[in-house]
Amino acid sequence: MPTSDEPVVAGASGIALTGWSGGTGGGALDLVPVAYDFGDTDLTIYDLIENDADIAVEVLARVEEARHDAVAAQKLYTHLAKLLVEINRLKIPGSLRRHALRLMENATEIRKNALALEKALPQASESIATAGKQAAWRHQELADLTRDHGHAAPAERDYHQE
């Protein structure tokens, strides 16, 4: 179950990903159903268009963070490699050598994932921005007309409930 310090990220499927599970072992994510109430929403096409533009900018801003993470992972790998040389030189017994190797593998994986994010985030940002522009192109005229007639949304019909 989520704790107060774990962020809850809900997806469109109605499942929240709450972080790494400490109790299930194996590092699985805790999946918690999230109840949605779509009956009384005040979202409009204007909210969608505005938020798509904002999110596209935020996603693009994360490219620099991914680049920084890749550099940090490479530095960590270098420091661990030096530590491994020192462990071997001093012939330190125990599991320290194994742990250093494992951390080096983790640093390599982190760097690989950060570089992949750095490459994929600009495309994701562009896709989000394009979706907002397409929504504006397709729906904003009707939304403007509806607003001009004093309504917040088009008239509700039975098929909207199906």
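Biologist: Let's start with Arg-67: how accessible is Arg-67?

Modeller: Arg-67 has 35% relative accessibility and so counts as partly exposed; buried is under 20% relative accessible area, exposed over 50%, and partly exposed in between, with a 1.4 Å probe and protein chains only. Bear in mind that this is a predicted model, where local features need pLDDT of at least 70, side-chain atom pairs count only at pLDDT 80 or more, and totals for chains, interfaces and linings use all residues. Residues are numbered from 1 along each chain as its sequence is written, and side-chain values use heavy atoms, leaving out hydrogens and water.

Biologist: Thanks! Which residue does Arg-67 form a salt bridge with?

Modeller: Glu-64, with the closest N and O atoms 2.6 Å apart. A salt bridge here is a side-chain nitrogen of Lys or Arg within 4 Å of a carboxyl oxygen of Asp or Glu. Arg-67 and Glu-64 are three residues apart in helix α1, so about one helical turn separates them. Glu-64 is partly exposed too, at 49% relative accessible area.

Biologist: Which residues are linked with Arg-67 in a network of salt bridges?

Modeller: Glu-64 and Glu-118 are linked with Arg-67 in that network.

Biologist: And how many salt bridges does the structure hold?

Modeller: Seven. Another one joins Asp-144 and Arg-147, whose closest N and O atoms are 3.5 Å apart. That pair sits in helix α2, three residues apart, so the separation is about one helical turn.

Biologist: Changing topic, what's the secondary structure?

Modeller: Two helices and three strands, in the order β-β-β-α-α from the N terminus. These are DSSP runs numbered from the N terminus: helices are H or I with at least four residues, strands E with at least two.

Biologist: Nice. Which residues make up the largest nonpolar core?

Modeller: There are five: Leu-80, Leu-84, Ile-87, Ala-100 and Met-104. Helices α1 (45-90) and α2 each give two or more residues to this core, and α1 has the largest share, with three. By a nonpolar core I mean buried Ala, Val, Leu, Ile, Met, Phe, Trp, Tyr and Cys residues joined through side-chain atoms within 4.5 Å.

Biologist: What does Leu-80 touch?

Modeller: Leu-103 and Met-104, leaving aside residues up to four places away in sequence; a contact means heavy atoms within 4.5 Å.

Biologist: Last one: how much of the protein is buried?

Modeller: Buried residues are 18% of the 162 in the protein.
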